[in-house]
Amino acid sequence: MTPAFQKTPITLEEHYSQILKTLRRGIAITSAADGRVNTMTISWGMLGIEWNRPVFITFVRTGRFTHGLLDRNPEFTVNLPAPGMDHPARLISYLGTHSGHNEDKVATLGLHLVPGSEISVPGLAELPLTLECRILYRQLQQADC
């Protein structure tokens with residue numbers, strides 16, 4: 001049974017502190033291309049304003065399955081628990097320890113996809129606070145070690 005889900009537009013400003021607080025514990029980003037959907041855990045990111053538009057900045061390693069999907073479709077969703085929901089630590093842990101290269105995590109976990117309103121990538125009903133994003137800029141990050 002699909003969880004009840006009704007989309008409600010939000011502004012970044014009204015959820016800014018919740019997003020940053022939850023980010024530290026882990027959230028999910030979802031990408032999709034060529035008929036494949038993948039979601040992975042991140043616990044690094046930034047929120048801000050760029051060119052008078054809200055932006056979410058994150059880093060995805062080049063070897064990740066998600067990176068390949070983002071190369072083919074530069075849209076993604078940021079998925080968090082809604083206000084008042086408990087943090088789904090087990091779900092976030094699974095998404096961060098299993099690779100989309102090896103399995104369809106959405107199917108394995110029985111997650112429910114919610115079509116995007118402005119982009120082609122779905123959000124997750126189980127993490128209903130969803131930011132719909134398009135890549136504005138990308139840069140290869142070099143480690144100086």
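Is Arg134 buried, partly exposed or exposed? Arg134 is partly exposed, at a relative accessible area of 47%. This is a predicted model. Three salt bridges are present in the structure, and a nonpolar patch made of Trp44, Met46, Ile57 and Phe59 lies on the surface.

**Salt bridge Arg72–Asp34**
- The side chains of Arg72 and Asp34 form a salt bridge, with an N to O distance of 2.5 Å.
- Arg72 has a relative accessible area of 48%, so Arg72 is classed as partly exposed.
- Asp34 is exposed, because its relative accessibility is 62% and the class begins over 50%.

**Salt bridge Arg138–Asp71**
- A salt bridge joins Arg138 and Asp71, whose closest N and O atoms are 2.7 Å apart.
- Here too the pair links distant parts of the chain: Arg138 lies in the segment after β8 (129-134) and Asp71 in helix α2, 67 residues apart.
- Arg138 is partly exposed, with 42% relative accessible area.
- Asp71 also counts as partly exposed, at 46% relative accessibility.

**Salt bridge Glu75–Arg134**
- Glu75 and Arg134 make a salt bridge in which the closest N and O atoms are 3.3 Å apart.
- The two residues are 59 residues apart and connect distant parts of the chain, with Glu75 in strand β5 (residues 75-80) and Arg134 in strand β8.
- Glu75 is buried, because its relative accessible area is 12% and buried means under 20%.

**Nonpolar surface patch**
- Trp44, Met46, Ile57 and Phe59 together have about 350 Å² of accessible area in this patch.
- Met46, one of the patch residues, is located in strand β3 (residues 46-50).
- Met46 is partly exposed, with a relative accessibility of 37%; this value meets the patch requirement of over 30% relative accessible area.

Definitions and conventions: Residues are numbered from 1 along each chain as its sequence is written. This is a predicted model: local features need pLDDT of at least 70, side-chain atom pairs count only at pLDDT 80 or more; totals for chains, interfaces and linings use all residues. Side-chain values use heavy atoms; hydrogens and water are left out. A salt bridge is a side-chain nitrogen of Lys or Arg within 4 Å of a carboxyl oxygen of Asp or Glu. Buried means under 20% relative accessible area, exposed over 50%, partly exposed in between (1.4 Å probe, protein chains only). Helices (H or I, at least four residues) and strands (E, at least two) are DSSP runs, numbered from the N terminus. Patches are made of residues with over 30% relative accessible area and no salt bridge: like charges are joined within 9 Å, nonpolar side chains (Val, Leu, Ile, Met, Phe, Trp, Tyr) within 5 Å. Accessible areas come from the Shrake-Rupley method with a 1.4 Å probe; for residues, only the protein chains shown count as cover.
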